[in-house]
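Come along and follow my entries beside the picture.

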Amino acid sequence: AARAPATTMAPPWQTTLKDLQLQNGHLQWNDAQAGSRPVRLDITQLAAGLQNVQLRGARTLAPLHWQLSGNVAGGTPRSLPTKAAAATRTLDGRGDLALQPLQMRGALRIDGFPVHALEPYFGDALGLDLRSARLGYQGDLALQDTPAGWTAALHGDGRVGDLQLYTRQRVAGAAADADELLRWKTLTLQGMDIAIKPSQQPRVLVRELALDNFYSKLVITEDGRFNLQDVGASRGAAPATAASSPAPATSPSAGPPVDLTISATRISRGTVDFTDRFIQPNYSADLSELQGTLGAFHTGSRDMATLALRGKVQRTGSLDISGQLNPTAQPLALDLRARATDLELTPLSPYAGKYAGYGIERGKLSMDVAYRIAPDGTLDAKNQIVINQLTFGDRVESPSATQLPVLLAVALLKDRNGVIDLNIPISGSINDPQFSVFGLVVKVIGNVLTKAVTAPFSFLSGGGSDDLSAVTFEPGTATLTAEGRSTADKVAQALADRPALTLTLHGLADGPTEQEAYRAAALEKRLLAMAQRERTEAGAAPEALDTPLSAEERTRLLTTLVRQLPRPRLAPAKAGASAPAATSRTSAEPTDAELAATLAAAMPVSADVWRELAAQRGEAVRDALLARQLSNERIFLGAPKVGRSEGDAATWKPSAAMTLSAR
C-alpha cells in the first residue's frame, strides 16, 4: 500500500569528504552470458581518488574532483591477458563531477584498451571476429545530462592499433571458419572533435587521419561467395545465395548517420591481397606498397577531395590513381584517372582457361582508365586497355568457354608488334539496381570480340563501310578493277600490321553471268596477239608491241578472222552500236561490232573455262599481295568456286573471296 505522505519533510543528510584514495586495487569482470564466448576483463593497479565531496542528499553542493587509473587487460579462453599487456598503464583520467544534474569534465588518456575483449557483445551482430584491437585516446571529454537528453564532447587525438579482423562462417551450428579480412598496425586520428547532442546527428571532425602498415584480404570462397558478403550477418543466419532475394536498397536520401569531416587522410605501407578459390586452379593477386593522400571532404557536401595513390601490382607492375573523390556523397562523387602498367597475364591463366578455352603462356597488361560520376548518378568512363605479347597455351576443355574463335579474334586485334590496344568507353547510371561496371566492361569486350570474328574484314577496315572480304575483277577476265586494286592495298597493309593472320583466297566465276564478257575479252586478247605478231614481223620496236589497236588495224584483223570462219555469217550488231570510224567502208560492208559479234558467237566456251578463270583470279590476288611485300607463307590458294547461289544473284560480282585465320 502507498505510504501516506509525511506531514513534515526531514532535512536531507549532508556529507562532506575531503579526500578518498584507493591504491593498488584489482577489479575483475566475468560475463558467461555475453554471447558465443564469455567475456573477461582484469583491471589491475587500480587507483581512484575523490576530493571535495560535498553532498546534500543526492545533490552536490560543488563539483567534486576525481581521478581514475589502472591497467586493463582482457580476453577470452583463446586469448587470455598476458604479463606484457598488464605491464602498461591503460587508463588515466581526472576531472570534475556534479551529480544532479549529472555533469562531468576532465582529461582522459587511454593507451591500448583491449577492445577485442568485448567482441562477444558485438561480434555476432557484425558477422566479424575481432581478434585484436587496442584503443587509444588523449584529450578532453565532457558529459552532461540535460532535460532533452545526453550531450557529449571529446577533443583530442585517437588511435586504434594492432587491429586483426576476421570473417566467420555463417552456417548455423557449424564451427567458425575464419579468414583474415583486415589488419593494420596503427590508425591515428589527429585533432579529433566529437560532439553528440540530442535530436542532432553526431558531429565528427578529424584534422588528419593516418593509416599505416595495413593489410586487407579479399576472398572468393570455394562456393563462389565474396567474403565481404558476410559482414553484418549474424552467426546463425543462413548464407545469402545468388537465388536469395536482395535486401531493399537504402534510400540515397537517408544520408550518412554521422556528420563527418576529415581534413586530410594519409595511408602508407598498404597491401591488398585477393584470392579466388572458386576458380580452379586458384588465382591470387596483390596490391602492395600502397601510399597516398586524400584531401578534405565533408558528408554534407558533394565537394570532392583530391586523391593521389600509388603502389605496386604483383610486386612488378605500377599503379597510379589521381583525381577527386567524395566517398560519402550520395550518389558517389567521383572523377578519377587510374593507370596500371606491366601487369603479368600468366597468373590469369585459370580464368583464360575457363572462359576462353586456352591458358596463357605469356603477356603483359597495361590500363589507363578515367571514371566520372555526375551528380545525377550518370557514369561516363573510358578504358584504354593495352595487352602486349599475349600468347595462348594449350586448349583447355571447359563448359564455360566461349564458342568464338578466340585465336582468330586475338590475331585480328594484335598489331605488327604483338600489341592489342582497345579503347572501351562505357556509360550508365549507378542508380540502376542492375548497374555493374565490371559487367559493362565484359559486355563491351565481348562485343568487340564478336565483331572481330563475325565481320573480320570490316574490323580490319576500322569499322568503316569498305568491304574488304572480296577483290573484284573486270567481268570475264582475271584483271582487277580499280576498286579491287584498292582493296588489295588495304588488305596487304592490314595483314602487314597483324602478322599472326593468314589469308585464304577462293577465285569465283560464273558462266551464265560472264559468258558474253568472257568472249569479248578473249576476242580482244586474240586481236592484240595478231597485231603484236604483225608488228614484230614489220620490225617494230618492243615498246610499240603493246600499244592499243588503231581503228584500221581493228577492222582489218576482225575481217581476217571472220573470213577464216568455216561459214562466215554475220551476227546482227547490238542496238545502239556506233557507226564504224573508217570512212572508206561502204554501207554494204559489216561494221566492227557486227564482225566482233560474229566472232564471239562462233567462239567455243567449255565448262573448264570457268574453273580456270576462277583459279586465275585467285592467283591474280595472290600476286598482287606478294607485290605489296606480303609473305607467301601467309597466303593460301583455296579451291576455285564456279557458279553462284540463288541468294547471291543480285549481289554477285566477278571476284576472289578471302577468309582469315590465325597461325
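Which residues does Leu-660 touch, not counting residues up to four places away in sequence? I looked this up in what is a predicted model. Leu-660 touches Leu-408, Leu-412, Pro-456, Phe-457, Leu-460, Leu-495, Leu-501, Thr-502 and Leu-503.

**Entry: the cores.** I then checked the largest nonpolar core, which has 92 residues. Leu-503 and Leu-660 touch the most other members of that core. I also found a second, separate core of 13 residues, and Leu-561, Leu-565, Leu-595 and Ala-596 are included in it.

**Entry: α4 and α5.** Next I turned to helix α4 (residues 406-413) and helix α5 (residues 437-454), whose axes come within 9 Å and cross at roughly 95°. Angles of 65 to 115 degrees count as roughly perpendicular, so α4 is roughly perpendicular to α5. On the α4 side I noted Ala-409, Leu-412 and Leu-413, which meet Val-448, Leu-449, Ala-452 and Val-453 in α5. I sorted the residues of this contact and got seven nonpolar, no polar and no charged.

**Entry: α8 and α11.** My last pair was helix α8 (residues 511-537) and helix α11 (residues 608-627). Their axes come within 11 Å and cross at roughly 85°. That makes α8 roughly perpendicular to α11. Here Gly-511, Glu-514, Gln-515 and Tyr-518 in α8 meet Val-609, Trp-610, Leu-613 and Arg-617 in α11. How do the residues of this contact divide into nonpolar, polar and charged? I wrote down four nonpolar, two polar and two charged.

Conventions. Residues numbered from 1 in each chain as written. Predicted model: local features only at pLDDT ≥ 70, side-chain atom pairs only at ≥ 80, totals over all residues. Heavy atoms only, no water. Axes fitted to C-alpha atoms, helices over the stretch in contact; angles between N-to-C directions. Helix = DSSP H or I, 4+ residues; strand = E, 2+ residues; numbered from the N terminus. Parallel < 35°, antiparallel > 145°, perpendicular 65-115°, else oblique. Contact = heavy atoms within 4.5 Å. Nonpolar A, V, L, I, M, F, W, Y, C, P; charged D, E, K, R; others polar. Core = buried A, V, L, I, M, F, W, Y, C linked by side-chain atoms within 4.5 Å. Buried < 20%, exposed > 50% of the residue type's maximum accessible area, 1.4 Å probe, protein only.
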